[in-house]
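Me: I would like to go through this structure and ask what each label rests on. Please set the values against the cut-offs.

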Amino acid sequence: MKCREMVELMTDYLEGTLAAGERLRFDEHIAGCDGCRAYLEQMRKTVRALGRLTEEEIPQQVKEQLLDAFRNWKRKSTAP
Ligand SMILES: [Zn+2]
C-alpha cells in the first residue's frame, strides 16, 4: 500500500469502517512507516479537537495543513 492510499483511508480507519483486509494492510503499513504513523496521530488529534470524525466535515484548510506536515516530514526523512 502506498502512503497516498493510506492518507485516503485514514478517516475510515479512525471510524473503524475499513474492511478487514484493508485494515490489515493499513496496520502492516503503519507498523513500518513512521510518516504515516505521525500523520495518523495528527489526524487523531485533529479529530479530537474538532469533536467529529467525518472527513467531509474536516475543514479543507486543516486537511491541507496535515498533508503539508506529512509532505514536510517525508522530505526531512529522505534528506541526507
Ligand atoms: Zn506510509
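Reply: A contact here means heavy atoms within 4.5 Å. By that criterion Phe26 touches Met1, Met6, Leu9, Met10, Tyr13, Leu18 and Leu40, leaving aside residues up to four places away in sequence. The model is a predicted one.

Me: What makes the arrangement around the zinc ion tetrahedral?

Reply: Four donors count as tetrahedral if all angles lie between 85 and 135 degrees. The 4 donor atoms around the zinc ion subtend angles of 105 to 112°, so the arrangement is tetrahedral.

Me: Which atoms coordinate the zinc ion, and at what distances?

Reply: Cys3 (SG), His29 (NE2), Cys33 (SG) and Cys36 (SG) coordinate the zinc ion at 2.0 to 2.3 Å. The cut-off for a donor to this metal is 2.8 Å. Along the chain, the donors follow the spacing C-x25-H-x3-C-x2-C.

Me: Why is His29 called buried?

Reply: Buried means under 20% relative accessible area. His29 has 13%, and therefore counts as buried.

Me: How do you know whether Cys33 is buried or exposed?

Reply: The same test applies, with under 20% as buried and over 50% as exposed. Cys33 is at 10% relative accessibility, so Cys33 counts as buried. For the chain as a whole, 28% of the 80 residues count as buried.

Me: What makes a set of residues a nonpolar core?

Reply: The residues must be buried, belong to Ala, Val, Leu, Ile, Met, Phe, Trp, Tyr or Cys, and be joined through side-chain atoms within 4.5 Å. The largest such core has 16 residues, and Met10, Phe26, Cys36 and Tyr39 have the most contacts inside it. Two or more residues each come from α1 (3–15), α2 (20–32), α3 (34–50) and α4 (60–78). α1 gives the most, with 6 residues. Cys36, named among the core residues with the most contacts, is also one of the zinc donors.

Me: How many helices and strands does the chain have?

Reply: The chain has 4 helices and 0 strands, and the order from the N terminus is α-α-α-α. Among contacts between residues at least 6 apart in sequence, 57% join residues at least 24 apart.

Me: Which helix has the lowest mean pLDDT, and which the highest?

Reply: α4 has the lowest mean pLDDT, 70, and α2 the highest, 95. The chain mean is 80, and 78% of the residues reach 70 or more. Where pLDDT is low, the predicted coordinates should not be read in detail.

Methods:
Residues numbered from 1 in each chain as written. Heavy atoms only, no water. Buried < 20%, exposed > 50% of the residue type's maximum accessible area, 1.4 Å probe, protein only. pLDDT = per-residue confidence, 0-100. Donors = N, O, S within 2.8 Å, 3.2 Å for Na, K, Ca; no water. Tetrahedral: all angles 85-135°; square planar, octahedral: opposite > 155°, others 65-115°.
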